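Please view the sequence and the structure together before reading the points below.

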Amino acid sequence: MKYIVFILFTVMTNAAAQLMLKQGMMSMGPISLQGVNPLVKLLQIVFSPWVFLGLCTFVISMASHLYVLSKVELSFAYPFLSLAYVAVAVFAYFVFREDLNGWRIAGIACICVGTVLIAQSGRDLSGREHEDRTASIISDKIGTNEIVR
C-alpha cells in the first residue's frame with residue numbers, strides 16, 4: 001500500500017490527459033479528411049496545443065505506471081486504472097457539461113467498490129515482499145541459464 005500515491009498519480013494523470021485530448025478535439029471542430037493529406041491532418045491534430053499537452057501527460061502517466069509496475073504486482077496495480085473512468089466522468093460532467101445519469105453513476109459505484117476490494121487484497125502486500133519474490137524469480141532464471149550452458 002505504500003505505492004498507492006504513485007498509483008493514484010498515474011490514475012489522475014491518465015484522466016487529465018483524456019480531458020486535455022477532449023478539449024483539443026473540441027477546439028479543432030469536426031475532423032474531415034476530404035481534400036486534405038491525411039498525414040498533414042494528423043500532424044495538425046497532434047501538434048495542436050491541447051492535444052499535444054494531453055499526449056505529453058499520457059507519457060508522464062505511463063512513466064509513473066512503469067515505476068509502479070516495478071514495485072507492485074500487476075494484478076494489484078492495473079485495476080486501479082479503472083478509477084480514471086470515474087475521474088473522467090466526474091470532471092467531464094463539471095468541465096464539459098456531459099451527462100452523468102443514473103446508469104453512469106451506478107457504473108461508477110461498481111468501479112469504486114471493485115477498486116476498494118482490490119485495494120483490500122493488497123493490504124498485506126509490501127513492496128519488500130514483491131522485491132524478494134522478483135529477486136527469487138530472477139535468481140532462479142539465472143541458475144537455470146547456468147545449468148543449460
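The count for this predicted model comes to 0 disulfides. The points below set out the cysteine geometry first and then turn to helix α1.

**Cysteines**
- A disulfide requires a pair of cysteine sulfur atoms within 2.5 Å.
- The closest cysteine sulfur to that of cysteine 110 belongs to cysteine 112 and lies 9.4 Å away, so the two are too far apart for a bond.
- For cysteine 112, the closest cysteine sulfur is in turn that of cysteine 110, at 9.4 Å.
- Cysteine 110 counts as exposed because its relative accessibility is 58%.
- Cysteine 112 is partly exposed, with a relative accessible area of 31%.

**Helix α1: span and burial**
- Helix α1 comprises 25 residues (residues 4–28) and should span 36 Å at 1.5 Å a residue; this agrees with its end C-alpha atoms, which are 36 Å apart.
- Glycine 29 follows α1 and has a positive phi, near 80 degrees.
- Buried residues of α1 include Ile7, Val11, Ala15, Leu19 and Gly24.
- Among the elements covering the buried residues of α1 are α3 (49–69), α4 (74–77) and α5 (83–95).

**Packing of α1 against α5**
- Two packed helices are described by the angle between their axes and the distance between the axes.
- The axes of α1 and α5 are 9 Å apart, and the helices pack at an angle of about 45 degrees; they are therefore oblique to each other.
- The crossing of α1 past α5 is right-handed.
- Residues of α1 that meet α5 include Leu8, Val11, Met12, Ala15 and Leu19, while those on the α5 side include Leu83, Ala87, Val88 and Phe91.

Conventions:
Residues are numbered from 1 along each chain as its sequence is written. This is a predicted model: local features need pLDDT of at least 70, side-chain atom pairs count only at pLDDT 80 or more; totals for chains, interfaces and linings use all residues. Side-chain values use heavy atoms; hydrogens and water are left out. Buried means under 20% relative accessible area, exposed over 50%, partly exposed in between (1.4 Å probe, protein chains only). Helices (H or I, at least four residues) and strands (E, at least two) are DSSP runs, numbered from the N terminus. The expected span of a helix is 1.5 Å times one less than its number of residues. Contact means heavy atoms within 4.5 Å. Axes are lines fitted to C-alpha atoms, for helices over the stretch in contact, and angles run from 0 to 180 degrees between N-to-C directions. Angles under 35 degrees count as roughly parallel, over 145 as roughly antiparallel, 65 to 115 as roughly perpendicular and the rest as oblique. A crossing is left-handed if the near helix is turned anticlockwise from the far one by less than a right angle, and right-handed if clockwise.
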